[in-house]
Amino acid sequence: MELVFALTIHPVLGYLIESYAVGRTPKNQFEYGFKKVLHNTYFDYFQELPPQHIEVMELLNQISDENLHKRFNPKCTKVSKFFETLQPEYIAAHVRPFIEKVLFKVAGFMADNAIPLYFKGEVTDRIKETPLVISSQLAQTCFHFEKMPDKTLYRLEIMHEGKELNLFNKGAALITHKPCLMLLGKKILRFDTEWDGKKLQPFFNKEYIEVPKNSEKQFFEKFVQKSIMNYPYKVSGFEVKVVDSQPVPELRMEEYWRGGVVMGLYFRYGKNTLFRQDDPVKSKITFLSKDDDFGFEKIARDFVYENEIIYFLKSLQLKKIDGPLFAVEVESGKPSESSEIVNAGKQLTATLDWLNKYHEELSGRGIHCEKQIFNKQYHSGIYTLTLETLEKNDWFDLHGMVRFGDMEVPFARLSDHILNGNREYELPDGTIALIPEEWMSKYQDIFLFSQKKGQNLQVKKYHYSLLAAAMDSGIKLPGVANAAPDREFIVPEAVKATLRGYQKQGYDWMVYLKNNGLGGCLADDMGLGKTLQALSVLAFTHLNESTASEKVLEELPQQPKGNIPGQLPLFDSQYQDQREEMQSVSRASLVI
């Protein structure tokens, strides 16, 4: 016996594919004594089967009597009674669509693996020996519409393997409707999964359909418009004007049904045509009618370009979630798709930060971003901060301007918002700017320890370290060297000690303060080395400057008698210039 897959006609469910164990006669014909086998009973007849055949049986098991019974009417106690409970309308609306999806998948698998399919027919019919040919290529369809002065002709062109097929009086039959399998002679044709086989049936008995003039407008408005929207077509006697329009991607902030804020992706074609990214509609058709003249304007979507935009957004760390919606990762680092969005404020600021961060990249790809949500219009663009300092007696004047796109705002006006942690700042045009998160922490201490004076801020010199953040932004403080506070300085050899790590750090810091004319306070617990650090700073200061002092002394004339050797004549006018230079080099140090 051999395993045979056969196309059968179920008395209630229609066309099915079933598997049988069947023997052959000496004339190589299939015997009448065939046995229906299932995926869990085939081993009663066969010790071993190819894995591809087992795969087909497992697929067909989804539409076995037992599984259909469990799926569509489990309350029915007996499988034999199950089919009696089914109404034709229910079968057509629910049972048959499920069966047809399975049959289409099985047919494709059998075609790809060269598994033969035979025809059996009714329950009592025997299996025919000549196998059917399942097409490996999908059949292509094209609508033909010809408008004539007194009528319109409509026919359907079917191409398969480079040849046009004629269905008229060929005994064609639909095995499945959608997705579509059609039996034509000894061939089973497969169509695109979106193709509805009901469109083929009129041409089983007619070569073309004639639409009378009094029904033309309704025919064009409904059937023709829908057909040329989704399928290939050829027309004669009227025009279908295809509008070639480069789509403009739009990102719109929206509230998510699970809470929080996301961005919806849309594509605008022309001025008035907008598609959601996940909309399956391939085009938009506008019916044009003037008296008896009909025509259409068609805008076809560019799915290649749309997919490029999706890939580009994903490359900017955007996560695609439901439908056309995208979301940024929340602070926890988990994508919005895998965790509940419960904090709308956090998601809002994360989304706005992302839009501002990638403003240039998005604009460069022609992506339009709308920042309106919760009855607020948020500002879109790059924010830049310019800071300048001016040294006064014992303070720095800090002048800053923030540019929000084309608008400028004094930096000092952000003081209350930064100190209170409020990132939303209303601009002169009424839009809301979101102060960058980095600024909230970076400049908080500057506002806290400064005073407003007009549009400037005054920072005391002893608070110079608070301006380190400004120096990170490229701002140079007058009278303060560019060397960073963490620069290391050599400890003079005259210091007969090795400084520990924290002692060396304190020493470097004090030398930095000294070099910039700034003050500081060295504080630590008793016994940890404040004295050693202070002595090291004194050694650095005076030993490094002793060379300059000795040079000045060498250039002074021989001391007159009566003067103490090595001591300058403080009141001798001829040494006044040398004395002033010496005083500028040798300074006293006071240790408290």
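This briefing covers helix packing, pockets and some local backbone features. The model is predicted. Helix 4 (residues 88-112) packs with helix 2 (residues 65-72) and also with helix 1 (residues 51-60).

**Helix 1 with helix 4**

- Helix 1 and helix 4 pack at an angle of about 175°. Their axes are 10 Å apart.
- Angles over 145 degrees count as roughly antiparallel. Helix 1 and helix 4 are therefore roughly antiparallel to each other.
- Helix 1 brings Gln52, Glu55, Val56, Leu59 and Leu60 to the contact. Helix 4 answers with Val102, Lys105, Val106, Phe109 and Met110.
- The residues of this contact of helix 1 with helix 4 divide into 7 nonpolar, 1 polar and 2 charged.

**Helix 2 with helix 4**

- Helix 2 meets helix 4 at an angle of about 125°. Here the axes lie 12 Å apart.
- That angle makes helix 2 oblique to helix 4.
- The crossing of the two helices, helix 2 and helix 4, is right-handed.
- On the helix 2 side, the contact residues are Leu68, Arg71 and Phe72. On the helix 4 side, they are Tyr90, His94, Val95, Phe98 and Ile99.
- By type, the residues of the contact of helix 2 with helix 4 are 6 nonpolar, 1 polar and 1 charged.

**The largest pocket**

- Helix 14 gives the most to the lining of the largest pocket, with 7 residues.
- The lining of the largest pocket divides into 13 nonpolar, 5 polar and 2 charged residues.

**The second largest pocket**

- Two or more lining residues come from strand 5 (133-147) and from helix 5 (216-230).
- Helix 5 gives the most to the lining of the second largest pocket, with 6 residues.
- Of the residues lining the second largest pocket, 10 are nonpolar, 4 are polar and 8 are charged.

**Backbone features in loops**

- The peptide bond from Lys178 to Pro179 is cis. Its omega is near 0°.
- Pro179 sits in the loop between strand 8 (173-176) and strand 9 (181-184).
- Glu161 is not a glycine, yet has a positive phi of about 55°.
- Glu161 belongs to the loop between strand 6 (151-160) and strand 7 (163-165).

**Around Met401**

- Met401 is part of strand 25 (residues 395-404).
- In sequence, Met401 and Thr386 are 15 residues apart. In space, they are 5.4 Å apart, C-alpha to C-alpha.
- Leaving out residues up to four places away in sequence, Met401 touches Thr384, Leu385, Thr386, Glu408, Val409, Pro410 and Phe411.

Notes: Residues numbered from 1 in each chain as written. Predicted model: local features only at pLDDT ≥ 70, side-chain atom pairs only at ≥ 80, totals over all residues. Heavy atoms only, no water. Axes fitted to C-alpha atoms, helices over the stretch in contact; angles between N-to-C directions. Helix = DSSP H or I, 4+ residues; strand = E, 2+ residues; numbered from the N terminus. Parallel < 35°, antiparallel > 145°, perpendicular 65-115°, else oblique. Left-handed = near helix turned anticlockwise from the far one by under 90°. Contact = heavy atoms within 4.5 Å. Nonpolar A, V, L, I, M, F, W, Y, C, P; charged D, E, K, R; others polar.
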